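The following paragraphs lead through the architecture of one protein chain. Please keep the sequence and the structure in view while reading.

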Amino acid sequence: KPIRLVVPFVPGGVTDSSGRLIADALGKRLGQQVVVDNKPGASGNIGTAQVAQAAPDGYTLVLAFDGTMVINPHVFAKVPFDTLKDFAPVGKIGDATLILVAHPDVPAKNLTELIALSKTQAGGLSYGTSGTGGTPHIAGELLKARTGANLTHIPYKGGGQALTDVIGGSIPLVYTAVAGAHGHVKSGKLKAIAVSSAKRSSSLPDTPTFAESGVADFVVNSWVGILAPAKTPATVLERLTTELNAVLNDPVVREKLQVLGIEASPGSAEQFRDELKRDLARYAQVVKTAGIKLD
């Protein structure tokens, strides 16, 4: 019977698009249909909780997003699932590189100058993101904590509106995905400050990383992966992991993911579990320090 891949967000976004791409390729590898089922609501919590409660037979999977799995447990008073106890990792799909960009009139050529500039502003420099508690917001708060930068968060209902406002000069900065900002940086409508990945983005190779800009060990990526309900048989998980890695090593799939701003990251289920544990631990402190809360 068909395998159901629950995407806990509305159709059309980068997360949904990556899920559909992987579902199609995975279905061809497995010789059976993988159907995408959008179950949006509560920042991904509703659809994700449904999979946590599904039969652990390999026929129901969830597209795991870092915001849902490792940030929501800290910013919501109550989350209807336990990231580590209720799920068995299949594997990570890839990382979406994040970037800090500025309006061209902002008088700072690099991160060092931007941080210095922020400290001269009474109300700080405003930075827009796709919303409270999202990975870009967490990245901005971590930057403040690590550098003492005087930044003020402005949450939007989506990254697109935040980009529009910084291009229009309503706010000076936006922290967003490279995929959304790439064209505007190339056209000169936005000034790239730094990317928060471990290495430079292949689509913006002239933009330095935060580490290169003087903030050591500053790596904050948004990622997507696949999880199954806990207690899914090991043989089923191993087959799914093997086929997912085969899909992620396919040059055609890798190129399509890159268009979405995602760098494919084939690897083991254990590596993905380790990353889940690590991110849960480090974001807990950032959220607590920044006082980020959602009802």
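A residue is termed buried here when its relative accessible area is under 20%. The model under discussion is predicted. With that cut-off, six of the eight residues of helix α2 (residues 45-52) are buried, so the helix is largely enclosed by the rest of the structure. The buried positions of α2 are Asn45, Gly47, Thr48, Ala49, Val51 and Ala52. Their cover includes the strands β1 (3-7), β3, β4 and β10, together with helix α3.

Six strands form an open sheet in the order β2-β1-β3-β10-β4-β11, and their pairing is mixed. Its edges are β2 (34-38) and β11 (262-264), each of which pairs on one side only. On average, and with direction ignored, neighbouring strands of this sheet are turned by 30° against each other.

Strand β3 (residues 60-65) pairs with β10 (residues 222-229) in the antiparallel sense over four bridges. Within this pairing, Phe65 stands opposite Val224 of β10, while Ala64 has Gly225 of β10 as its bridge partner. β10 also pairs with β4, again in the antiparallel sense, here over eight bridges. Pro229 in β10 is the bridge partner of Phe87.

Helix α3 (residues 66-75) lies across β3, β4 (87-96) and β10, and runs at about 70° to β3. Helix α9 (residues 251-259) also packs on the sheet, where it touches β4 and β11; the direction of α9 makes about 155° with that of β11.

The remaining part of the description concerns helix α10. Helix α5 (residues 135-147) and helix α10 (residues 269-290) pack at an angle of about 75°, and their axes are 10 Å apart. The two helices are therefore roughly perpendicular to each other, since angles of 65 to 115 degrees are counted in that class. On the side of α5, the contact is made by Thr135, Ile138, Glu141 and Leu142; on the side of α10, by Tyr283, Val286, Val287 and Ala290.

How does the span of α10 agree with its number of residues? At 1.5 Å a residue, its 22 residues should span 32 Å, and the end C-alpha atoms are 31 Å apart, which agrees. Ala269, Phe272, Glu275, Leu276, Asp279, Leu280, Tyr283, Val286 and Val287 of α10 are buried. The elements that cover these buried residues include α3, β4, α5, β10 and α8 (234-248). Just after α10, Gly291 takes a positive phi of about 65°.

Key: Residues are numbered from 1 along each chain as its sequence is written. This is a predicted model: local features need pLDDT of at least 70, side-chain atom pairs count only at pLDDT 80 or more; totals for chains, interfaces and linings use all residues. Side-chain values use heavy atoms; hydrogens and water are left out. Two strands pair if DSSP finds at least two bridges between them. Axes are lines fitted to C-alpha atoms, for helices over the stretch in contact, and angles run from 0 to 180 degrees between N-to-C directions. Contact means heavy atoms within 4.5 Å. Angles under 35 degrees count as roughly parallel, over 145 as roughly antiparallel, 65 to 115 as roughly perpendicular and the rest as oblique. The expected span of a helix is 1.5 Å times one less than its number of residues. Buried means under 20% relative accessible area, exposed over 50%, partly exposed in between (1.4 Å probe, protein chains only).
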